[in-house]
Amino acid sequence: MSLVLENLSRRFKDTDAIRDINLSVEDGEIVGLLGTSGCGKSTLLRAISGLDQAYTGTVSINDQVKKGVHDATNFIFQEPRLLPWLTVEDNIMFGLKGKPKASFDRARRFIHYVGLSGKEALYPKQLSGGMAQRVAIARALVMQPDILLLDEPFSALDAFTKMQLQDLLLEIWHKYQTTMVLVTHDIDEALYLCDRIVVLRGQPGEIIKTINVTEPRPRDRGSVELANYKADILDQLDLNQ
Ligand SMILES: Nc1ncnc2c1ncn2[C@@H]1O[C@H](COP(=O)(O)OP(=O)(O)OP(=O)(O)O)[C@@H](O)[C@H]1O
């Protein structure tokens, strides 16, 4: 599903968080929003999801202007935000209440797919951080969102778990071609995952550069090509010494 943002601005009481953001995301694209702290990345994602409605400008999904909470998008946050009194399976199925039985069957396939077979009956406090985030990924995917919004989904995880879950995300993308918008601070993560990286800067946050990452997948995390892209991004952010 395509996503178009036109002149999106958001002002909090005394803070201009983002100003005049224009961005088109094509169907099946993975787009990264990268920028230093406070440049409005999360604000942008919340506007796209409809969780925040106090912006000006428009958010259109498949040529339809959306305002308010809608089910075209689903969120994966930095913390898994699981319900502690529900098992892994019930957390994943939570949003499916009232949906046809087939949705529940599909959800069970997802549990296997994200590597949680055998863990269905565990409670969140019995899970590692990586397992809990797998639950959050499955919970978002069972809702079959047109666009998956990810707000620093792996930043609280150790380096190895992070790499495993990045690969899981790419597997999901290969299988379902889900359009994704990924907020991250991590340039290496953005370069490994994204088709396009939108670099934001300032307060209010504005788009200063868009970079098409044309390296074919699977990408080599240590390649010279990705290192060159990284140097360019660091330059844009004035972080290259
Ligand atoms: N609910 C709010 N009320 C007031 N100001 C807010 C609110 N949410 C965000 N802001 C302000 O808007 C600006 C952008 O915040 P936002 O969280 O979107 O940035 P970010 O790029 O996601 O930051 P980080 O990378 O640190 O998470 C900041 O100055 C922040 O203080």
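1. The chain averages a pLDDT of 93, and 99% of the residues score at least 70. pLDDT is the predictor's confidence in each residue, from 0 to 100. The complex receives an ipTM of 0.95 and a pTM of 0.94 from the predictor.

2. Keep the ground rules in mind. This is a predicted model: local features need pLDDT of at least 70, side-chain atom pairs count only at pLDDT 80 or more, and totals for chains, interfaces and linings use all residues. Residues are numbered from 1 along each chain as its sequence is written.

3. Now the sheet. It is open and has 6 strands, in the order S6-S7-S8-S3-S9-S10, with mixed pairing. Strand S6 (73-76) and strand S10 (206-212) are the edge strands, each pairing on one side only. On average, neighbouring strands are turned by 20 degrees against each other, direction ignored. Helices (H or I, at least four residues) and strands (E, at least two) are DSSP runs, numbered from the N terminus. Two strands pair if DSSP finds at least two bridges between them.

4. Look at one pair. S7 (residues 147-151) runs parallel to S8 (residues 179-184) over 5 bridges. Ile147 stands opposite Thr179 in S8.

5. Helix H4 (residues 129-141) packs on the sheet and touches S6 and S7. Contact means C-beta atoms, placed from the backbone, within 7 Å. The direction of H4 makes about 175 degrees with that of S6. Axes are lines fitted to C-alpha atoms, for helices over the stretch in contact, and angles run from 0 to 180 degrees between N-to-C directions.

6. Check helix H3 (residues 101-113). Its 13 residues should span 18 Å at 1.5 Å a residue, and its end C-alpha atoms are 19 Å apart, which agrees. The expected span is 1.5 Å times one less than the number of residues. Just after H3, Gly115 takes a positive phi of about 85 degrees.

Notes. Contact = placed C-beta atoms within 7 Å.
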